[in-house]
Amino acid sequence: MVETFNLFRNLYRRWKQRRDRGKPREISEIFRFKYALFRDLLDSNSQLLNLITDVEEKLQGREVFGMSYVRSQATRAAFHAFRMVKSLDVLSGHRHPALYAVLEDLNRRIQAVLESGAESRPAAWVLPYSRITKEMVDWVGGKNANLGEVVNRVGLPTPGGFAITTRAFADFLAANDLVEEINKRKMEMEALDPESIRQLSEAIQALILDAALPPDLESAILGAYDALAAQAAATGRPAPLVSLRSSAIGEDSELSFAGQYLTVLNVPRERLLAAYREVVASLYSSRALAYRLHKGVRDEDSAMSVACLEMVPSVASGVMYSRHPFDVLKDHVVITAVFGLGPYAVDGVITPDTYVVAKDRARTLLETHVSSKPVQLEAGPQGGLRETPVPPAMQEAPCLTPEQRRILADYAIRLEEHYQCPQDVEWALDPGGRLLVLQTRPLHLEARTHGESAAPALPGYPVLLEGAAVACPGVGCGPACLVHGEEDLLHFPEGGVLVARHSSPKFVLVMPRAQAIVTESGSVAGHMAAVAREFGVPTLLDAHTATRALTPGQEVTVDAYAGRVYRGRVPELLALKEVRQPHMRDTPVYQILKQVANLMVPLTLVDPKAPEFKPENCRSLHDIARLVHEISYTEMFRVSDLVTERGGGAVRLCAPIPLDLFLIDLGEGLTSDAAGKEEITEEMVVCAPLQALLKGLTFQGLRGLEPRPVQLSGLFSVMREQWLSAPPAQERFGDRSYAIVSRKYLNFSSRVGYHYCVIDAYCGDTVNKNYITFSFKGGAADDVRRNRRARSIAVVLVALDFAVDVKGDRVDARFQKYPGAVIAEKLELLGRLLIFTRQMDMLMTGEVSVEALAHAFLSGDYRLEGDNLGGPRG
């Protein structure tokens, strides 16, 4: 719980520091506080979506996991949902208290499910692999559980060894009172200070390395080693050196990152206990501590089990894949091999031999690539590793005989059949000629993301588009159906391929009928991508030309492995749609995860405009995240009201724009040269969204600073409206404009005369955080002309892919989840639009001017004269 407490404590300190200041706060400090809350909210939204993605992957049933994983992910998801709710509540001035009760109810129901699946405590400190299966993952960690599964249920040979269980870890810490001491020290740490984390890491690791193992635990570990040595002696082999490898709970999952913990190789009996303490201590390395602290992972969800395996003095070793690792069309076994120990193949020191073997009965060799192998890695006789030369006569020779290649291919196929998914397998050949499995794990064929290279296109089938990002892997085939709005969703056909400009959670309405989804933009960590994975709909995002390349009604095949779309049916790809029953789905822990996921993953609140889009209708943590995320934009939009009312702490921007613009820097929005100045220049602006907006406001093609052509009827309308029905005082806005800025954030408020415009935007590297909200209202003419201007602006924004709503003379628009370059491009166009629309109400003399002026802007004709005005001059 300490990790979670630290996160709450830091959040509380941030609020308390601001609340407790006795002096009146500067306006910039208020904005800085609100912006910090907003960033926390966006961060937790991303973290929660990542957790949902990880849970969805585990629901595929391919990877071993236990109750510790389920409990940890549920706890972290609840924390991030609370952080979002709390941030929104404080940001909004406590306008959304109902969310707390909804979240509390969901948490209560999740806890009830978790209590029904409470994991038991392992009975022993040490377990031989002959007694281990995947159901023991909470006792021995994923690596050990997988090895036990290979030995006992697949029946393949592995090195001799045993697992030191999580009970041994817990009893070791308890015997030395380390849990209390570790928690005490962690309470004194500053989670955001790297030096504080480093010092804590060194202190905790020193405590562990200096601690004594309980005598009975020492005897159990050494006794297990002695049994291993007796087995070796029975076959005429000397007492073995062993490797001690971490097998922490949740290792190689979202609870840790690759290579986070320690492996100690070539360990003799006399160093066995010290090496065990070293592996345990690696649980508290500075990298591991920082990762758990910032991810909210509790120590108890990362208990350390250790694999103690006999070192194999490998003649050859390597990695094999039960199908091609990146070309899903090649359903063959791929084997790589080097002489000596395997790290030289994995680390790229030596180019390995490569063998491609068919899955036919004869295990036919399809391809052989033998490389030059001048050196090899060996275990030293007294421990440690050393590099030795390969004898010259062997350097160009293949590492494996034809029979050995056949045996390894057979191992790979048997492992794939057992786990019901492709496998990534480490193997070794011992001096006696035995081929051993060292480790196996799922091969992630869907790992390709946008920008990574894919397998070559399948010859003979026209490629309509490629290079898309995979949000949900798979293959789908059907007629392309372009979706522009909700009306298209109502008529979406069974078996269609949904094609759209942008991803939308509203697509959930047709996902049960869709063969695949292809959109031109969107985030693989976004709400729609999560829903697509929940429904198992193959989905491609960032397919930039989709709506132009795919013709409505055209039959297409979507390859959501390689990020391609082909014209017509591709039987070779459709064969990949074979349904398998992954091996974890028959376990009790899978059923517990499924119940927890039902309260975490589904998204039912998909339409912000629907009357059901309310806290009381949230059915999952995903619903809460969607609702809070949506409302937070509105709350940040209201920041502009504060700046108009209080407007202190601002510096004036000197730029060739028709606005008196003042800037409030939240941090890193201006260069250091701006400090202490009352006026600054454009060159001092670092804020990415403001830079883009200013580029539009200062566009040379606009005559923004010159007198506009005036239609007399329009001018008389404006004058008459002001003389005869002057707006109330509160409808006239101040003449100053403000921009609240940071490096990636902008809140721009332009309120001049009788109209105002507010732009709130985030422009960074994370697509899921990027957005623009835009609002325009008012004018000095009559209601009809103001409404025409609003509708003309709306026509422009719709053409620019904004979601738009018009009420009277007010336009509200939203553009979100696009790359930073696209956000910047739209902000530049908004800058041009602001200049273009000044005094437009005087030009709106008839309905034809609504479309005419919009068309003029979109075509880049900013003259506002002649035919552009949509009617005769008055």
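Tutor: The bend at a residue is the angle between two axes, one fitted to the seven residues ending there and the other to the seven starting there. Keep that in hand as we look at this predicted model.

Student: Gladly! By how much does H5 bend at Lys143?

Tutor: The angle between the two axes at Lys143 is about 85°.

Student: Why is H5 called largely enclosed?

Tutor: A residue is buried when its relative accessible area is under 20%. In H5, 13 of the 18 residues are buried, so the rest of the structure largely encloses this helix.

Student: What makes helix H10 mostly covered?

Tutor: H10 spans residues 272-281, and eight of its 10 residues are buried. Among them are Leu272, Tyr276, Arg277 and Val280.

Student: On to aromatics, then. Why is the pair of Tyr35 and Tyr745 called stacked?

Tutor: First, the structure holds 13 aromatic pairs. In this one, the ring centres are 4.9 Å apart and the planes stand at 25°. Centres within 6.5 Å make a pair and planes under 30 degrees apart count as stacked, so Tyr35 and Tyr745 are a stacked pair.

Student: What parts does that pair tie together?

Tutor: Tyr35 belongs to helix H2 (residues 27-58) and Tyr745 to strand E26 (residues 745-752), so the pair ties together parts 710 residues apart in sequence. Tyr35, at 6% relative accessibility, is buried, and so is Tyr745, at 1%.

Student: Why is the pair of Phe836 and Tyr862 called edge-to-face?

Tutor: Their planes are at 65° and their centres 6.0 Å apart. Since planes over 60 degrees apart count as edge-to-face, that is the label for Phe836 and Tyr862. Phe836 sits in helix H24 (residues 820-836) and Tyr862 in the segment after helix H25 (848-858), so the pair ties together parts 26 residues apart in sequence. Phe836 has 2% relative accessibility and is buried; Tyr862, at 10%, is buried too.

Student: Which residues form one aromatic cluster?

Tutor: Tyr35, Phe38, Tyr745 and Tyr771 form it.

Student: Is Ser46 buried or exposed?

Tutor: Its relative accessible area is 14%, and the cut-off for buried is under 20%, so Ser46 is buried. Ser46 is placed in helix H2. Setting aside neighbours within four places in sequence, Ser46 is in contact with Asn768 and Lys769.

Student: What share of the protein chain do buried residues make up?

Tutor: They make up 58% of its 874 residues.

Methods: Residues numbered from 1 in each chain as written. Predicted model: local features only at pLDDT ≥ 70, side-chain atom pairs only at ≥ 80, totals over all residues. Heavy atoms only, no water. Helix = DSSP H or I, 4+ residues; strand = E, 2+ residues; numbered from the N terminus. Buried < 20%, exposed > 50% of the residue type's maximum accessible area, 1.4 Å probe, protein only. Contact = heavy atoms within 4.5 Å.
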